[in-house]
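User: Hi! Could you walk me through a few features of this model?

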Amino acid sequence: MTPAPTPQATRGWWPRSLLGRNLLLMAALIVLGQLVAAMLVRQMIFQPRVAQVADGVARNVGALRAGLQALPPAERAAFVEAFNQQAVRSLPPVAAESTVRRALLSPMERQFVQAVSRRLGAEDAATSASQPSQPVWRRDSTGVLALRVVHQGPEGAETYWLNLPSVFPTREFTGAWLAATLASMLLALLGAWWLQRHINRPLAQVVAAARQLAQGQTPAPLPEDGPEEIATVGRSFNHMAHSLAAAEQERALMLAGVSHDLRTPLTKLRLGVEIAGAQVDAPLAASMARSIDEMDGIVGQFLQFARSGEAEAPTTASLNDLAQAVAEAQADHGRTVRLALGTLPDVPVRPQALRRALDNLVENAWRHGTPPVLLRTGADADGVWLEVQDQGPGIAPAELDRIRQPFARGDGAARSGAPGAGLGLAIVERVARSHGGRLELHSAPGAGLRARLVLPFGGRA
């Protein structure tokens, strides 16, 4: 069974850009307008003119027949020859190739010939003095139409060819209509391109600003001048961007304030547990200390998430040096991180934010995965990258997009009660977007989680 065509396949001829669609629509409307105008001219001017000329030709042919009837037989051939010579002399010079092109009748000439033939046939049928005959036409070497006239006399039938250029001259098609159509189409397309270009420019600015906003960056204000519709779009987008930035700043400020305020009672609790250590059961004291450390870690994640949007001056740094620093810091806590460093160029980054993101990836691997934890660096056509991989149970592919969101945790982590607020990958995602990069997550059941932070060579820091 043949599969149904996809929308991309069925619409492959339709331009994707607004400019291309408008230009195609403009060209189609111009061609349609020219065709409608040509049909109107044909129906209202040419066809009535052909009927009028056909009536005149039929009357002239009748007059010529009467003249031939009145002339003596010896003078008829000379009269027809003189008439044809006069008709030929009234024609402009015709090139040989033009004569060849005129061999076939044009549609208008065929309509004219058929109309004259009908009128002559009707006249012959109504005249009892002459026998009805079918009119015959030809085009002679001069390029004019000639009509065969059959004269019935006492001596028998006499045949003559009469040239009628003065009645309906055959004219070569000069292509004026086609040239006018192409010229008008070109002018209209140029005008549409100029107009669409002025419309596309602010639209392109809106698209670029929207992409920056989606990547967590603050776009430059859009111009609010120009036509009212474009100015309204610019003002609305600027207002929306300002509102989002204000809401994000208030949320980060509230989150940072709450997290900062929580650390004071946590510090007091930790101090109380240490002071009362001798009076409290040792396992209970250890459990309380672990709970305090977990709460302090969660508060630290809140602070990191709130600070991930803070401005930091970019600087050119080596990702290999950053990976080695993270591995050394983990070694101080008794954790071994294996390194597989590639050859990388220095790239512009925000060092503190990138270090925070890499720490979260390594911490996430230790909390929810299984050692050994591998930290790799490398480069490809897309840019440079940092990758952290563990050997844990992995994450179901359906959950990979969900766990990027703030406060989202994998089902395995939620069931096991592993500490954390679900902000680690959200922090990494925000840092990646602020650098113009992306976070890639790859996992298979039983093969662990592979988290890759990809940064462009030029950076957007």
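Predicted model: local features only at pLDDT ≥ 70, side-chain atom pairs only at ≥ 80, totals over all residues.

User: How do the residues of the lining of the largest cavity divide into nonpolar, polar and charged?

Analyst: Residues are numbered from 1 along each chain as its sequence is written, and side-chain values use heavy atoms, with hydrogens and water left out. A cavity is a set of points on a 1 Å grid over the protein atoms alone where a 1.4 Å probe fits but cannot get out, and lining residues have an atom within 4 Å of a point. The largest cavity is lined by Leu 361, Asn 364, Ala 365, Val 388, Asp 390, Leu 449 and Ala 451; with Ala, Val, Leu, Ile, Met, Phe, Trp, Tyr, Cys and Pro as nonpolar, Asp, Glu, Lys and Arg as charged, and the others, Gly among them, as polar, they divide into five nonpolar, one polar and one charged.

User: Which element gives the most to the lining of the largest cavity?

Analyst: Helices (H or I, at least four residues) and strands (E, at least two) are DSSP runs, numbered from the N terminus. Helix H10 (351-368) and strand E10 (449-455) each supply at least two lining residues. The top contributor, with three residues, is H10.

User: How are H9 and H10 oriented to each other?

Analyst: Axes are lines fitted to C-alpha atoms, for helices over the stretch in contact, and angles run from 0 to 180 degrees between N-to-C directions. Helix H9 (residues 319-332) packs on H10 at about 45 degrees, with the axes 10 Å apart. Angles under 35 degrees count as roughly parallel, over 145 as roughly antiparallel, 65 to 115 as roughly perpendicular and the rest as oblique. H9 and H10 are therefore oblique.

User: What is the make-up by class of the contact of H10 with H12?

Analyst: The axes of H10 and helix H12 (residues 424-434) come within 9 Å and cross at roughly 145 degrees. Contact (heavy atoms within 4.5 Å) is made by Ala 353, Leu 354, Ala 357, Asn 360 and Leu 361 of H10 and Gly 424, Leu 425, Ile 427, Val 428 and Val 431 of H12. By class, that gives eight nonpolar, two polar and no charged residues.

User: Is the peptide bond from Pro 371 to Pro 372 cis or trans?

Analyst: Most peptide bonds are trans. Pro 372 sits in the loop between H10 and strand E7 (373-379). With omega near 5 degrees, the bond from Pro 371 to Pro 372 is cis.

How values were computed. 1 Å grid on protein atoms, 1.4 Å probe; cavity = no way out; pocket = protein on both sides within 12 Å on 5 of 7 lines; lining within 4 Å.
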